[in-house]
Amino acid sequence: MPEATAAQDYSWVDDLAGVDLDELSNLYRIAPLGDKPPQALRTVFYNSRYLCFVYAGDRLVAAGRALADGLDCAYLADIAVHPDHQGKGLGREVIARLIARCRGHKKILLYANPGTEDFYRRQGFLPMKTAMAIWRDPGTAIRNGLLEP
Ligand SMILES: CC(C)(COP(=O)(O)OP(=O)(O)OC[C@H]1O[C@@H](n2cnc3c(N)ncnc32)[C@H](O)[C@@H]1OP(=O)(O)O)[C@@H](O)C(=O)NCCC(=O)NCCS
């Protein structure tokens, strides 16, 4: 099974201690998932309850994180796989591991990058009918297809 191969060929890390934040920032730039400066990544990963990093040898090739309140609501964010390692089941496994750690929460939320909705549907996510958000820069989010004006 592809996911079993992925899990065996890669090493999985769930804490921030040894993570090179420049390498993490580079992963998001290449994936691509946007410009995420290392210091900003330190803040958001440090403040997240569950973390997932995937290494091929000593190279960081995938990551993700979840905010969670311990009972009601968890939120998955910053899921990305290096292009050289996409299509091998790593994204699915990152999601599966974060969901497993969020189990017990009443709901697990995320917003999908446009074009990845079917990827998340396959992991069990359904579109939210009434989801709404306040964005610091709504114009960019509207242009990127994340918000409706
Ligand atoms: C989206 C992303 C995380 C998927 O990771 P991945 O490791 O390539 O995906 P997997 O190999 O685990 O794919 C699992 C399944 O989802 C499918 N899939 C992958 N990307 C998909 C997409 N964009 N749309 C629909 N299906 C997708 C795969 O074909 C596979 O299907 P299968 O179960 O029939 O084999 C990765 O492509 C990525 O990092 N993209 C850029 C950043 C991004 O958009 N992140 C999401 C932020 S919300």
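Predicted model: local features only at pLDDT ≥ 70, side-chain atom pairs only at ≥ 80, totals over all residues.
1. Who lines the second largest pocket? There are 29 lining residues, and Leu110, Tyr111, Met128, Ala131 and Leu146 are the ones nearest the centre. Strand E5 (107-109), H5 and H6 are the elements that each put two or more residues into this lining.

2. Now to the largest pocket, which is the space taken by the ligand. Around the ligand, strand E4 (73-81), helix H4 (90-102) and helix H5 (117-122) are the elements that give two or more residues to the shell. Of these, H5 supplies the largest share, namely four residues.

3. The shell around the ligand holds 22 residues, with Val81, Gly89, Gly91, Arg92 and Arg122 coming nearest. Sorted by class, the shell has 11 nonpolar, seven polar and four charged residues.

4. Have a look at the backbone contacts to ligand oxygen atoms. Which distances do we get for glycine 87, lysine 88 and glycine 91? For glycine 87, a backbone N or O atom sits 2.9 Å from an oxygen atom of the ligand. For lysine 88, a polar backbone atom is 3.3 Å from an oxygen atom of the ligand. For glycine 91, the distance from a polar backbone atom to an oxygen atom of the ligand is 2.8 Å. As for burial, the ligand taken alone exposes 910 Å², and the protein buries 72% of that.

5. Back to the largest pocket as a whole: about 1,500 Å³ of space lies in it. Its lining counts 42 residues, and Leu33, Lys36, Asp78, Tyr111 and Asn113 lie nearest the centre. The elements giving two or more residues to this lining are helix H3 (38-46), E4, H4, H5 and helix H6 (138-143).

6. Which element gives the most to the lining of the largest pocket? That would be E4, with seven residues. By class, the lining of the largest pocket splits into 22 nonpolar, 11 polar and nine charged residues. Tyr111 is worth a look on screen: this residue is listed among those nearest the centre of the largest pocket, and Tyr111 is also listed among those nearest the centre of the second largest pocket.

7. Two backbone details deserve a check. Most residues other than glycine have a negative phi, and most peptide bonds are trans. Aspartate 78 has a positive phi of about 55° although it is not a glycine. Aspartate 78 belongs to strand E4, and Asp78 is one of the residues nearest the centre of the largest pocket.

8. The other detail concerns the peptide bond from alanine 31 to proline 32. Is this bond cis or trans? The bond is cis, and its omega is near 0°. Proline 32 is placed in the loop between helix H2 (21-30) and H3. H3 is also one of the elements that give two or more residues to the lining of the largest pocket.

Technical notes:
Residues numbered from 1 in each chain as written. Heavy atoms only, no water. Near = heavy atom within 4 Å. Polar contact = N/O pair within 3.5 Å; in protein donor to acceptor, adjacent residues only side chain to side chain. Areas by Shrake-Rupley, 256 points an atom, 1.4 Å probe, with all protein chains shown as cover. 1 Å grid on protein atoms, 1.4 Å probe; cavity = no way out; pocket = protein on both sides within 12 Å on 5 of 7 lines; lining within 4 Å. Sits in = over half its atoms within 2 Å of the grid points. Nonpolar A, V, L, I, M, F, W, Y, C, P; charged D, E, K, R; others polar. Points joined across faces, edges and corners; volume = space filled by probe spheres on them.
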